[in-house]
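Subject: Structure handover

Hello,

I am passing this structure on to you, and my notes on it follow below. Please read them with the model open.

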Amino acid sequence: MNAAELIQSVTSRYADRVRSSHDYRGDATIVLQHEALVEVAQFLKEDPALQMNFLMDLTAVDYSTFGKAAKPAFFTSSGVTLKPSSEIPDADPWPGPPGSERYAVVYHFYSMSHKHRLRLVVPVDESVDDLDTLTGLWVGANWLEREVWDMFGITFRGHPDLKRILMYDGFEGHPLRKDYPVNKRQPLIGPQN
Amino acid sequence: MMLNIGPAHPAMHGIIRVVAKLDGEQIEEAETEIGYLHRGFEKMSETVDYNGVMPYTDRLNYVSPIINNMGYCMAVEKLIGISVPERCHYVRVVMSEISRLTDHLTCIGATAMELGAFTVFLYMIKAREYLWELVEKVTGARLTVSYCRVGGVKADLPDDFLEPCQEAFKETRKVIEEAHGLLTRNRIFVDRMEGTGIISAEDAIAYGITGPFLRGSGPDFDVRKDCPYAVYDQIDFDVPVGTTGDNMDRYLVRMEEMEQSMRIVETALRDMPPGPVQVNPETGRPISASEMVDLAKVGDIEAISGGCAVTGPTLEGSGRAHHASIATEEKRAILPPKEDTYGNIEGLMRQFKLVMFGHGLRPPAGEAYHPVEGANGELGFYAISDGSGQPYRVRVRPPCFAIMSALPELLVGGSIADMTPTFGSVNMIGGELDR
């Protein structure tokens, strides 16, 4: 199936749960309400036309400083803004961050039999325990969700063992959040500054 | 008994901690703890510009660095929407396959060494040295190469690449044959590898495992065949597949993949579109580049007209003649050749606009995911841009992360001695697992 058909097969069935969809650069992307995540994921896995048996990647993005990068004041109109070449038509620009929520959890699915890919973007806020775990459907989601918790602080309801994976156990904070300074040192052993 | 197979261990290449609950020698429960080599790749990439991420990608899967470089570049090129010349695709494919060879040689060599076959390790390291010399001829470095650029590669293959490549492959084939003779029918090796670390195809897919680990269990998913990128769809090669999913099958899959990689490189070198036509040294008078710059600065045009600049070895292969074959046509994406930077004002402006602080490459806002076939499986880069000069988010989908998450299940039920070949065939590379 190509990107448009993939999007169509999901939006036609879950029209009330899908916020938006696009296929920027040919990647079929669907922005979904968080309540429908497990249902849609199960549909993606089990529907014979889709058969997305691989959960390739599970990650998150912190959109709180999107577009607000500090620009040097005297260079506001500088930089080499690129437009794509004519071989890759840019009919629709990217719609932008998926919602007003701070985070978006991004799932990449792949079907080995049909060889197609789909990206699900689920906007969430940090304070609410919104997302359900996908470990019931794909065992590999276990470690991936642990990493999202470790790096962003997004919890997953029903996860068997949500604890730090890349950072050490007593680490404070969630490093990939935009408000965590990149040069902050928190060594387990060593000088603290 | 609780045994802590601690982070620093002679049989664990890479830093990983396994807490095993043992009953005699039988492992009843196992828990892995990773993250000892976490260096914040994703956080650091948000602070530098798009080409500045390249050295960080080298250090992800540090035994096959060019595959990481290529994956990142292709993701960013997809995000921007530019394409590179066909010869550049071929060069990237050749260098990626050489990187894949070094990765498989390291993996099998290390596994064999841990099982006691020290000779095989040394032979494979010897073959790897030949390959690293090849890589050094092209990129200037053996391991952390930073070879690809967004929109091309650093330099073209040198003119005398074919013969050293054939020599290196001859040595590598000899080494692989010797390793086959020493290992494949070796009673001890077979007894330790066959029947250990078995994973079924459904379990592997549920964990998200790809690459040789999955192919050892049956499914023939290879990103180069199923979602072809660069020029892999025009190159003929086979994808070896195992049946039982034990360590022996994965070892055989890797050995055969090395042969297929060499086949890909030989096909690619044959089918590559020709490089640039070299300037005839009689009509194009060679002048040393620094001399040319000095003459141009004082305005002595007659002295330099009709001459062609001769640069030093660092810039070999990245001159103006080569640029058409290694760099995208989009002038705003990639640095100009040095003759243009120092020779005319347009080149200088182009260099300035890409390099100076406050200016720089700014892709349109968007997101793109591009998977490539790493040595361990599907290596995916997911890049998000917000229109500024620095990436907003760069995510690496590490192939051995999925395999390591399945490791506890592979270890339980076996004995401690089975942990060595299983862990070896996982090919855990700390840089990729922890980033």
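The domain bounds used here come from an automatic or database domain assignment. Please keep in mind that this is a predicted model.

Domains of chain B

On that assignment, chain B splits into domain 1 (2-32), domain 2 (40-274 + 363-434) and domain 3 (285-355). The centres of domain 2 of chain B and domain 3 of chain B, taken over C-alpha atoms, are 35 Å apart. Where these two domains touch, domain 2 of chain B gives 18 residues and domain 3 of chain B gives 13 residues. On the domain 2 side, α4 (86-114) and β5 (152-153) of chain B are the elements that supply two or more residues. The largest share of that side, three residues, belongs to α4(B). Sorted by class, the side of domain 2 of chain B that touches domain 3 of chain B holds ten nonpolar, four polar and four charged residues.

Chain B as a whole

Chain B contains 20 helices and eleven strands. Its radius of gyration is 24 Å, close to the 22 Å that the globule rule gives for 435 residues, so chain B is as compact as a globular protein of that length. The C-alpha trace of chain B spans about 85 × 45 × 35 Å along its principal axes. Of the 435 residues in chain B, 55% count as buried. Among contacts in chain B with a separation of 6 or more, 69% are between residues 24 or more positions apart.

Contact between the chains

Chain B puts 56 residues into its contact with chain A, and chain A puts in 44 residues. The chain B side of this contact is made up of 24 nonpolar, 17 polar and 15 charged residues.

Strands in chain B

An open sheet of three strands in chain B has the order β9-β10-β11, with antiparallel pairing. Its edge strands, β9 (366-373) and β11 (393-397) of chain B, each pair on one side only. From one strand to the next, the twist averages 10°. Strand β10 (residues 378-385) of chain B is joined to β9(B) by eight bridges, and one of the bridge pairs is P371(B) with G380(B). Across β9 and β10 of chain B lies helix α3 (residues 65-80) of chain B, which runs at about 150° to β9(B).

Elsewhere in chain B, strands β2 (residues 17-23) and β3 (residues 26-33) pair in the antiparallel sense over seven bridges. L22(B) has I27(B) in β3(B) as its bridge partner. The hairpin of β2(B) and β3(B) has two residues between the strands, and G24(B) takes a positive phi near 70° there.

A covered strand in chain A

How many residues of strand β6 (residues 117-124) of chain A are buried? Eight of its eight residues are. In a regular strand, side chains alternate between the two faces of the sheet. For β6(A), R117(A), R119(A), V121(A) and P123(A) are buried on one side, and L118(A), L120(A), V122(A) and V124(A) are buried on the other.

Strand β2 (residues 29-32) of chain A runs parallel to β6(A) and is joined to it by three bridges; V31(A) stands opposite V121(A). Strand β5 (residues 103-110) of chain A pairs with β6(A) in the antiparallel sense over eight bridges, and F109(A) has L118(A) as its bridge partner. The hairpin of β5(A) and β6(A) has six residues between the strands, and K115(A) in that hairpin takes a positive phi near 60°.

Regards

Note on methods:
Residues numbered from 1 in each chain as written. Chains lettered and ligands numbered in written order. Predicted model: local features only at pLDDT ≥ 70, side-chain atom pairs only at ≥ 80, totals over all residues. Contact = placed C-beta atoms within 7 Å. Helix = DSSP H or I, 4+ residues; strand = E, 2+ residues; numbered from the N terminus. Nonpolar A, V, L, I, M, F, W, Y, C, P; charged D, E, K, R; others polar. Rg over C-alpha atoms; globule rule 2.2 N^0.38 Å. Buried ≥ 20, exposed ≤ 12 C-beta atoms within 10 Å, placed from the backbone. Pairing = 2+ DSSP bridges. Axes fitted to C-alpha atoms, helices over the stretch in contact; angles between N-to-C directions.
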